[in-house]
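Welcome to this guided tour. Keep your viewer open and follow along, one selection at a time.

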Amino acid sequence: MKRESEAVAIDPVLQTKGLSVWYGAHQALKDVDLGIGVNRITAIIGPSGCGKSTLLRCFNRMNDLFPPIRYDGSILFHGQDALAPSTDLVALRRRVGMVFQRANPFPMSIFQNVAYGPRLQGIGNRRRLEEIVESALRRAALWEEVKDRLNRSALGLSGGQQQRLCIARALAVEPEVLLLDEPASALDPTATAKIEDLVLEIKSSVSVAIVTHNMQQAARVSDETAFMLNGKLIEEGPTRALFTSPRERLTEDYITGRFG
Ligand SMILES: Nc1ncnc2c1ncn2[C@@H]1O[C@H](COP(=O)(O)OP(=O)(O)OP(=O)(O)O)[C@@H](O)[C@H]1O
Ligand SMILES: [Mg+2]
């Protein structure tokens with residue numbers, strides 16, 4: 001039988017190899033090798049400023065929005081070089097979706113938020129859009145709470161509901177990978193639990209990379225965990241092993257609360 005860590009090494013949907021990233025003169029990532037396993041949840045942990053968001057944003061080239069940015073090494077999506085000049089960034093970001101720390105619903109109705117991506121893709125049929133919106137809202141565990149007010153403004157939802165709406169909006173275009181950057185850090189424990197539950201639900205159909213400051217959250221939801229420090233990937237492996245018997249002293253110091 002394959003060990004968990006081997007499964008990821010063999011079949012990652014996304015993978016960085018020797019990846020370094022500079023914002024101008026500042027190097028934010030240093031020689032990072034990390035795979036995101038298919039239909040698995042990979043948590044990225046580490047202290048503030050260590051490069052977690054930068055690494056996450058590499059996977060769909062969102063860092064390109066912060067020039068001057070320079071990459072060295074490679075980012076492979078299904079084995080293809082995502083840094084190649086020929087990469088279609090719109091297509092990449094449709095297949096590798098992202099949800100941010102602060103919920104950012106568009107100032108439009110709940111329905112329009114979720115239908116936004118599919119409409120951009122050219123789906124105009126109302127019946128089809130209704131099906132897509134319902135399905136995405138169900139996957140994001142929000143349908144029951146909003147089904148009677150789909151035409152009301154998304155800005156009237158609670159913070160936790162807004163964050164699940166953003167997840168529904170991301171899921172509506174059927175991404176293969178979902179990147180979540182501290183999606184629950186602004187939420188109370190009940191809203192956080194709903195996000196964690198839905199992440200565990202969707203992993204049957206989506207591969208997930210989740211950045212979190214919260215080690216309990218990483219331990220609860222993820223299959224693999226990657227620990228970063230000062231732009232370097234210090235250690236990654238099956239979550240249970242990393243938290244119970246880390247290989248590196250730095251990992252042990254971090255998870256036992258000695259710094260960060
Ligand atoms: N757009 C940017 N332009 C310039 N420097 C940036 C930019 N984004 C991040 N950095 C720098 O890169 C380093 C890594 O930042 P990053 O946001 O990836 O860290 P993080 O681990 O996500 O931190 P946090 O936990 O606080 O969100 C930091 O030194 C940060 O100041
Ligand atoms: Mg961050």
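**Stop 1: helices H4 and H7**

Start by selecting H4 and helix H7 (residues 159–171), which pack at an angle of about 30° with their axes 7 Å apart. Axes here are lines fitted to C-alpha atoms, for helices over the stretch in contact, and angles run from 0 to 180 degrees between N-to-C directions. Helices (H or I, at least four residues) and strands (E, at least two) are DSSP runs, numbered from the N terminus. H4 passes H7 in a right-handed crossing; a crossing is right-handed if the near helix is turned clockwise from the far one by less than a right angle, and left-handed if anticlockwise. Show side chains and you will find Ile110, Asn113 and Val114 of H4 meeting Leu165, Ala168 and Arg169 of H7, where contact means heavy atoms within 4.5 Å. By class, this contact of H4 with H7 has four nonpolar, one polar and one charged residues. Ala, Val, Leu, Ile, Met, Phe, Trp, Tyr, Cys and Pro count as nonpolar, Asp, Glu, Lys and Arg as charged, and the others, Gly among them, as polar.

A note before moving on: this is a predicted model, in which local features need pLDDT of at least 70 and side-chain atom pairs count only at pLDDT 80 or more, while totals for chains, interfaces and linings use all residues. Residues are numbered from 1 along each chain as its sequence is written, chains are lettered from A and ligands numbered from 1 in the order in which they are written, and side-chain values use heavy atoms, with hydrogens and water left out.

**Stop 2: from H7 to H8**

On the H7 side, pick Gly160, Gln163, Arg164, Ile167 and Leu171, which meet Ala191, Lys194, Ile195, Leu198 and Ile202 in H8. Sorted by class, the contact of H7 with H8 has six nonpolar, two polar and two charged residues.

**Stop 3: back to H4, with H5**

Now select helix H4 (residues 110–120) with helix H5 (residues 126–139), packed at an angle of about 110° with their axes 9 Å apart. That makes H4 roughly perpendicular to H5. The crossing of H4 and H5 is right-handed. H4 brings Ile110, Phe111, Val114, Ala115, Pro118 and Arg119 to the contact, and H5 brings Arg126, Leu129, Glu130, Ile132, Val133, Ala136 and Leu137. The class count for H4 with H5 is ten nonpolar, no polar and three charged residues.

**Stop 4: ligand 1**

- A side-chain N or O atom of Thr54 is at 2.6 Å.
- A polar side-chain atom of Ser53 is at 2.8 Å.
- A backbone N or O atom of Cys50 is at 3.2 Å.

**Stop 5: backbone details**

Go to Pro68, in the loop between helix H2 (52–58) and strand E4 (69–77). The peptide bond from Pro67 to Pro68 is cis, with omega near 0°. Then pick Asp31 in strand E2 (residues 26–37), where phi is near 55°, a positive value in a residue other than glycine. Most residues other than glycine have a negative phi, and most peptide bonds are trans.

Conventions
Angles under 35 degrees count as roughly parallel, over 145 as roughly antiparallel, 65 to 115 as roughly perpendicular and the rest as oblique. A polar contact is a pair of N or O atoms within 3.5 Å; within protein, one must be able to donate a hydrogen and the other to accept it, and residues adjacent in sequence count only if both atoms are side-chain atoms.
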